[in-house]
Each structure stands twice: as C-alpha cells, then as structure tokens.
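Colleague: I'd like to go through this model with you and ask how you back up the words you use for it. Shall we start with the strands?

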Amino acid sequence: MNYPYLLFDADNTLFDFDKANRTAFSAVCTEHDIPDTEENFRTYEQCNARMWAAFDRGEVTKDFLVVQRYRDFLAAIGLDRSAEGCNHTHLTTLGISNVLLPYAEEVCRELSRTHTLYLVTNAVASVQRERLRRSTIVPYITDAFISEEAGAAKPSTAYFDYVFAHIDGITRENCIVIGDSLSSDIKGANNYGLPCCWYNPKGAARPTDLRIDYEITDLRQLFDIV
Ligand SMILES: [Mg+2]
C-alpha cells in the first residue's frame, strides 16, 4: 500500500457540487418568485464568484459574503427580494443535495476496506455536515475537516497543520491529497509537501507551475495508485 491515509476533497471530487448548486438556485427562484433562467443563473454565479474572490483575499467574512452575493444578484436583475431569505433557501437546499459523482460510492466503499478516508473541504460547515450526514458514503469516511471549523482553508499550511494535528500516525509520506481544484487541493498539497492526485474528469490543461504526482479522469483509477 502506497498511501494508507486518503485525503479527499468533497465538492466536485466526490459530490456533484455543480448539480447541487444549480438545484439550489432553482429552489431559490421557485421560493422567491425569480425567473429561473440560465441568464439569471449566470448572473448569480458571477456575483457569487466575485464575493468568494473577496473572501479569498481576506476582505469579507463568510457570513457577509453568502448574503451579499444575493444582494448583488438581486440588484443586478432589478428585483426587490430578501437576500437573507434567498441565501437561506440556497444553503438549506445545498445541504440536502448529496448527489455523488460517478463511482464515488464504489471507490470509497472499496478503499475503506484497506485505507483510512478523510474529507478535506473548504466549505460552510453546517451545509457540508448535513450533506455528509445524508450521503451514502458516510460509513466509509472516518472524519471530515471543514475549513470553517479549522479556522483556515486550503491551500494554506495552517489548514493542513489542523488536519495533521487530528490524525494519529499521518506523515507527509503516507497520505495523499485527491482533489479537482488546482488552486486549493493541488496548491495546498504543494505548499505542505504532500503527495497529490489531480481529479481532472474534463481533461483540463495541465499547469506547469504545480507538482502533480498523479492525474486521473475516473475515480476508479485510484485503485492502482493508492
Ligand atoms: Mg473541489
């Protein structure tokens, strides 16, 4: 066995976050009488991305950004609705959306017989705990390390300090980070000196400025790596 400790990213690595997010936006539209169009969804996504970028720069808090993204969106489309209400619907729906990506359940089940599995995820804790609780992979996951509870996020070394402090026996050699995000998962593994596997199902171009030890397009390829 190469890597007894597996550190899985959650969103878009095991969970189909894109689908869950679109479902959540539709629920917001239904509940708050907003036209559920692709154009409106794109506008929301732009407002959301702008706020998360501000969060990554340390300019806003998470509690502020989740409501502000809806304030910005509602202003952009010229509708007078409660941003707090929209965000509440969004987060509640996200929490109950636990759609897994192809083979995620099978891979977690098989690997949990021989390995110890953890989630390493940048997320809103209440949403991620609820989603995990409802998911069929919960029996296979030993623990979940959520950025909001850690007080730090991937790719920071402080986040991985938190993870390492909570796993007995883990070393920089006996674990591997598995994730879809270059900027958080792979960068985080590079920053902390951990082996890493890039889950790249859409075949995105490989960057030259990051160390990528393994690249997979299908989670079942992990059986040969770990
Ligand atoms: Mg991800």
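Modeller: Two strands pair if DSSP finds at least two bridges between them. Bear in mind that this is a predicted model. With that cut-off in hand, look at Leu 119, which stands opposite Ala 144 in β3.

Colleague: What makes β2 and β3 a pair?

Modeller: Strand β2 (residues 116-121) and strand β3 (residues 143-146) are joined by 4 bridges and run parallel. At least two bridges are needed, so these strands pair. Between them the chain goes from β2 through α6 to β3, a right-handed β-α-β crossover.

Colleague: How do you know that β5 pairs with β4 and with β6?

Modeller: Apply the bridge count again. Strand β4 (residues 175-179) pairs with β5 in the parallel sense over 3 bridges, with Ile 178 opposite Cys 197. On to strand β6 (residues 214-216): β5 pairs with β6 over 3 bridges, also in the parallel sense. The bridge partner of Cys 197 in β6 is Tyr 214.

Colleague: Why is β5 called covered on both faces?

Modeller: Cys 196 and Trp 198 on one side of β5 (residues 196-199), and Cys 197 and Tyr 199 on the other, are all buried. Buried requires 20 or more other C-beta atoms within 10 Å, so each of these four residues reaches that count.

Colleague: Which residues have the most contacts inside the largest nonpolar core?

Modeller: Leu 7, Phe 8, Tyr 118, Ile 176 and Ile 178, in a core of 55 residues. Domain 1 (5-16 + 100-225) and domain 2 (18-96) both give residues to this core, so it lies between them. Take Ile 176: leaving out residues up to four places away in sequence, Ile 176 touches Tyr 3, Leu 6, Leu 7, Pro 195, Cys 196, Cys 197 and Val 226.

Colleague: How many residues of each domain are in contact with the other?

Modeller: 10 residues of domain 1 are in contact with 8 residues of domain 2. Helix α6 (residues 125-133) supplies 4 residues, the largest share of the side of domain 1 that touches domain 2. That side divides into 3 nonpolar, 2 polar and 5 charged residues. The C-alpha centres of the two domains lie 26 Å apart.

Colleague: Why is Asp 33 called exposed?

Modeller: Asp 33 has 8 other C-beta atoms within 10 Å. The cut-off for exposed is 12 or fewer, so Asp 33 qualifies. Asp 33 is in the loop between α1 (17-32) and α2 (38-56), and its phi is near 55°, a positive value in a residue other than glycine.

Colleague: And what makes Tyr 103 partly exposed?

Modeller: Its count is 15 other C-beta atoms within 10 Å. Tyr 103 lies in the loop between α4 (83-96) and α5 (104-111), and has a positive phi of about 70° although it is not a glycine.

Colleague: Why point out a positive phi at all?

Modeller: Because most residues other than glycine have a negative phi.

Colleague: How do you know that Ala 152 is partly exposed?

Modeller: Ala 152 has 16 C-beta neighbours inside 10 Å. Ala 152 is in the loop between α7 and α8. Beyond its neighbours within four places in sequence, Ala 152 is in contact with Ser 147, Ala 158, Tyr 159 and Tyr 162. The C-alpha atoms of Ala 152 and Asn 122 are separated by 8.7 Å, with the two residues 30 apart along the chain.

Colleague: Which peptide bond is cis, and where is its proline?

Modeller: The bond from Lys 154 to Pro 155 is cis, with omega near 10°. Pro 155 is in the loop between α7 (147-150) and α8 (157-165).

Key: Residues numbered from 1 in each chain as written. Predicted model: local features only at pLDDT ≥ 70, side-chain atom pairs only at ≥ 80, totals over all residues. Core = buried A, V, L, I, M, F, W, Y, C linked by C-beta atoms within 7 Å. Domains from an automatic or database assignment. Contact = placed C-beta atoms within 7 Å. Nonpolar A, V, L, I, M, F, W, Y, C, P; charged D, E, K, R; others polar. Right-handed = clockwise from strand over helix to strand, strands pointing away.
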